[in-house]
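Please look over the structure shown here before reading the report that accompanies it.

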Amino acid sequence: MSIPRPDVRHRRITAWFSPAQADAMVAIDERFDALKPCDDFRGLLADSERAAAELHDTLRNSRDDAIKLETALKQTTQICIACHKAYRNERK
Ligand code: HEC
């Protein structure tokens with residue numbers, strides 16, 4: 001079983017949000033409410049990282065635990081869908 005890999009575009013998206021940029025955005029956020037969507041996007045990005053880490057950990061340490069694996073996989077795909085709904089599908 002292979003781990004789903006984010007494509008090149010995702011790497012580009014992640015690259016936009018370097019820790020330094022994230023810090024800068026937090027500072028800006030405190031002043032401009034208009035940047036709220038960016039905040040939501042960053043939240044989804046953080047959620048997806050957490051879910052991916054959990055899936056990775058499950059594949060490494062609890063491969064035989066079908067329920068745990070299923071849960072980790074579901075969480076990961078749900079976040080994919082949530083972010084696409086808000087930020088990908090809407091723009092087309
Ligand atoms: C934080 C937001 C976010 C998350 C989480 C996310 N995506 Fe995306 N995804 C996007 C955006 C935005 C685009 C559109 C990118 C563009 O058009 O430049 C996209 C595009 C795609 C595409 C189409 C690529 C293309 O060439 O147009 C695929 C396939 C995809 N995502 C798969 C996934 C999978 C699988 C996951 C979960 C493991 C995932 N994405 C999680 C934001 C996200």
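## Overall architecture

This is a predicted model, and the secondary structure of its chain consists of four helices and zero strands, so that, given how helices and strands are assigned and numbered from the N terminus, the pattern read along the sequence is α-α-α-α.

Of the 92 residues in the chain, 4% count as buried. Where contacts are formed between residues at least 6 apart in sequence, 50% of them join residues at least 24 apart.

## Confidence

The average pLDDT of the chain is 73, and 58% of the residues score at least 70. Confidence is lowest in helix α1, which covers residues 8–16 and has a mean of 51, whereas it is highest in helix α4, covering residues 66–88, at 88.

## Two positions in helix α3

Ala52 is placed in helix α3, which runs over residues 36–61. The residue counts as partly exposed because it has 17 C-beta neighbours inside 10 Å, a number that falls between the limit of 12 or fewer for exposed residues and that of 20 or more for buried ones. Although Ala52 and Leu73 are 21 residues apart along the chain, their C-alpha atoms are separated by 8.5 Å.

Gly43 also lies in helix α3, and this glycine is exposed because 11 other C-beta atoms are found within 10 Å, where the cut-off for an exposed residue is 12 or fewer. Between Gly43 and Cys83, which are 40 residues apart in sequence, the distance from C-alpha to C-alpha is 9.9 Å.

Technical notes. Residues numbered from 1 in each chain as written. Predicted model: local features only at pLDDT ≥ 70, side-chain atom pairs only at ≥ 80, totals over all residues. Contact = placed C-beta atoms within 7 Å. pLDDT = per-residue confidence, 0-100.
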